[in-house]
Amino acid sequence: MIKKFKIKSIKTDGKPGILCPLKIEDINRELGINFKINNLFYITELNSIQSRGKHANTNTCEILICIKGSFDLKCFDGKNHSQYSLTEHDAIFVPEMIWLDFNNFKDSIILVLTSITPIIKKESIYDIDNFKKIVEKNI
């Protein structure tokens, strides 16, 4: 199940900046998941004309975190479509076998992604028709 949540932000009086702790144990407890980070990567220099994603991970779950800017995320589980708008400090947990399409990037976005599976072992489907066939077989 896809779950959107907010990353806690802490503003300390007299100090510049905002601290955003990523306590995975707290996130796991809040969402009722068991997520362990094996990969942490980020994406920059995205523009509103192009999209990114257009794939489904077959063997890993991800947490996407909008660090700066905003973007829209379209999700498809093979039957149902859903869309989420993420702005600064928003995050979303995405289980495996969800088709992802990131778009509408704004305000010099910085997007951080974490996954359970090491990137060299991550498997993804990049053809939407193939994704639909696989989902239909498993329903």
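What follows is a chat about a predicted model of one protein chain.

Student: Hi! What does the secondary structure of the chain come to?

Tutor: Hello! This is a predicted model, and its chain has two helices and eight strands. In sequence order the pattern is β-α-β-β-β-β-β-β-β-α.

Student: And how compact is the chain?

Tutor: The radius of gyration is 16 Å, close to the 14 Å that the globule rule gives for 139 residues, so the chain is as compact as a globular protein of that length. The C-alpha trace spans about 60 × 35 × 30 Å along its principal axes.

Student: How much of the chain counts as buried?

Tutor: Of the 139 residues, 39% count as buried. As for contacts between residues at least 6 apart in sequence, 77% of them join residues at least 24 apart.

Student: Let's go inside. Which residues touch the most other members of the largest nonpolar core?

Tutor: Those are Leu64, Phe71, Leu73 and Phe102, in a core of 18 residues. Strand 4 (62–76), strand 6 (90–94) and strand 7 (99–115) are the elements that each give two or more residues to this core. Strand 7 supplies the largest share, six residues.

Student: Is there another core, or what lies apart from that one?

Tutor: Apart from it lies another core, of 13 residues, including Phe5, Cys61, Ile63 and Val112.

Student: Back to Leu64, then. What does Leu64 touch?

Tutor: Leaving out residues up to four places away in sequence, Leu64 touches Leu73, Leu86, Asp90, Ala91, Ile92, Val94, Phe102, Leu111, Val112 and Leu113.

Student: Val94 is in that list. Where does Val94 lie, and is it buried or exposed?

Tutor: Val94 lies in strand 6 and is buried, with a relative accessible area of 2%. With residues up to four places away in sequence not counted, Val94 touches Cys61, Glu62, Leu64, Leu73 and Leu100. Val94 and Cys61 are 33 residues apart in sequence, and their C-alpha atoms are 5.7 Å apart in space.

Student: New topic: cavities. How many of 30 Å³ or more does the structure hold?

Tutor: There are two cavities of 30 Å³ or more.

Student: Which residues line the largest cavity?

Tutor: Its lining is made of Leu22, Ile24, Ile27, Ile37, Ile63, Ile65 and Thr114. Helix 1 (24–31) and strand 4 are the elements that give two or more residues to that lining. By class, six of the lining residues are nonpolar, one is polar and none is charged.

Student: And what lines the second largest cavity?

Tutor: Asn57, Thr60, Glu62, Val94, Pro95, Glu96, Met97, Ile98 and Leu100 line the second largest cavity. That lining has five nonpolar, two polar and two charged residues. Val94, the buried residue of strand 6, is one of the lining residues here.

Student: Last topic: backbone angles. What is the phi of His89?

Tutor: His89 has a positive phi of about 75°, although it is not a glycine. Most residues other than glycine have a negative phi. His89 is found in the loop between strand 5 (81–87) and strand 6.

Student: Is His89 buried or exposed?

Tutor: His89 is buried, with a relative accessible area of 19%; the cut-off for buried is under 20%.

Student: What about Ser108, what is its phi?

Tutor: Ser108 has a positive phi as well, near 50°. Ser108 lies in strand 7 and is exposed, with a relative accessible area of 55%.

Key
Residues numbered from 1 in each chain as written. Predicted model: local features only at pLDDT ≥ 70, side-chain atom pairs only at ≥ 80, totals over all residues. Heavy atoms only, no water. Core = buried A, V, L, I, M, F, W, Y, C linked by side-chain atoms within 4.5 Å. Buried < 20%, exposed > 50% of the residue type's maximum accessible area, 1.4 Å probe, protein only. Helix = DSSP H or I, 4+ residues; strand = E, 2+ residues; numbered from the N terminus. Contact = heavy atoms within 4.5 Å. 1 Å grid on protein atoms, 1.4 Å probe; cavity = no way out; pocket = protein on both sides within 12 Å on 5 of 7 lines; lining within 4 Å. Points joined across faces, edges and corners; volume = space filled by probe spheres on them. Nonpolar A, V, L, I, M, F, W, Y, C, P; charged D, E, K, R; others polar. Rg over C-alpha atoms; globule rule 2.2 N^0.38 Å.
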